[in-house]
Amino acid sequence: AGIRRIGVLSGDHAQVARDVAGRLDLSPDDVYADLLPEEKVEHVRRWSETGVVAYVGDGVNDAAAIATAQVGIAMGAAGSDVALETADVALLSEDLRRLPEALRLAQAAKRVIRQNLAFALGIMAVMVVATFAGRLPLPLGVIGHEGGTLLVVANGLRLLRGVREA
């Protein structure tokens, strides 16, 4: 997915953070523990100088870092309201393995949005030109417009094929 670095910014004790990082096969050099919320924000700002930073968190202590990151992700339906409000993405699962699936869905949605804009603008342009040229009666133009709307809706519904229940 183009991710170059994964780090752990935790308010927990260092041993707990190292244990979690060990389970994730992360380097101990990428583990920062006993952090206050403002220290998490500082790490996110520093990392943002070298690339896009996505921050995943679930609590009140993560809200400022979530808001600071270019992509803020709040985890879990039970996450704090502040974290959910400041996040760009709310992943309603506690399972971090769902993040790549959410990324793929977001990329697919972006493609479909672009396609739908092209469909809608193209159909509208054809209908307007044909109507003003006098070659298309207004009622047929309206039907063509509504047909274009149905095409856009049907294209958007394709995204549901890849979505499964959480």
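**Exercise 1. A charged patch**

Task: Which residues gather in a patch of negative charge on the surface?

Solution:
- The patch brings together D12, D34, E38 and E39. The model is a predicted one.
- Take E38 as the example. Helix α2, residues 37-48, contains E38.
- Now check the exposure of E38. Its relative accessible area is 51%. Exposed means over 50%, so E38 counts as exposed.

**Exercise 2. A bridge across the chain**

Task: How many salt bridges does a search of the whole structure find, and which residue forms one with D62?

Solution:
- The search of the whole structure gives four salt bridges.
- In one of them, D62 pairs with K40. The closest N and O atoms of this pair are 2.9 Å apart.
- The pair links distant parts of the chain, 22 residues apart. D62 sits in the loop between β3 (54-57) and α3 (63-68). K40 belongs to helix α2.
- Both D62 and K40 are buried.

**Exercise 3. D95 and its partner**

Task: Is D95 buried, partly exposed or exposed, and with which residue does D95 form a salt bridge?

Solution:
- Start with the partner. D95 forms a salt bridge with R97. Their closest N and O atoms lie 2.9 Å apart.
- Next, the accessibility of D95. The value is 25%. Buried requires under 20% and exposed over 50%, so D95 counts as partly exposed.
- R97 has a relative accessible area of 69%. That is over the 50% cut-off, so R97 is exposed.

**Exercise 4. E101 and its partner**

Task: Which residue forms a salt bridge with E101? Is E101 buried or exposed?

Solution:
- The partner of E101 is R98. The closest N and O atoms of the two are 3.0 Å apart.
- E101 has a relative accessibility of 18%. Buried means under 20%, therefore E101 counts as buried.
- Apply the cut-off to R98. Its relative accessible area is 14%, so R98 is buried.

**Exercise 5. The nonpolar core**

Task: In the largest nonpolar core, which residues touch the most other members? Which helix gives the most to this core?

Solution:
- This core has 13 residues.
- The members that touch the most others are L9, V44, V53, Y55, A65, I66 and A69.
- Turn to the helices. α2 and α3 each supply at least two residues of the core.
- α2 gives the most, with three residues.
- Recall that helix α2 also holds E38, a residue of the negative patch.

Notes:
Residues are numbered from 1 along each chain as its sequence is written. This is a predicted model: local features need pLDDT of at least 70, side-chain atom pairs count only at pLDDT 80 or more; totals for chains, interfaces and linings use all residues. Side-chain values use heavy atoms; hydrogens and water are left out. Patches are made of residues with over 30% relative accessible area and no salt bridge: like charges are joined within 9 Å, nonpolar side chains (Val, Leu, Ile, Met, Phe, Trp, Tyr) within 5 Å. Accessible areas come from the Shrake-Rupley method with a 1.4 Å probe; for residues, only the protein chains shown count as cover. A salt bridge is a side-chain nitrogen of Lys or Arg within 4 Å of a carboxyl oxygen of Asp or Glu. Lys and Arg count as positive and Asp and Glu as negative; His and the chain ends are not counted. The place of a charge is taken as NZ of Lys, CZ of Arg, CG of Asp or CD of Glu. Helices (H or I, at least four residues) and strands (E, at least two) are DSSP runs, numbered from the N terminus. Buried means under 20% relative accessible area, exposed over 50%, partly exposed in between (1.4 Å probe, protein chains only). A nonpolar core is a set of buried Ala, Val, Leu, Ile, Met, Phe, Trp, Tyr and Cys residues joined through side-chain atoms within 4.5 Å.
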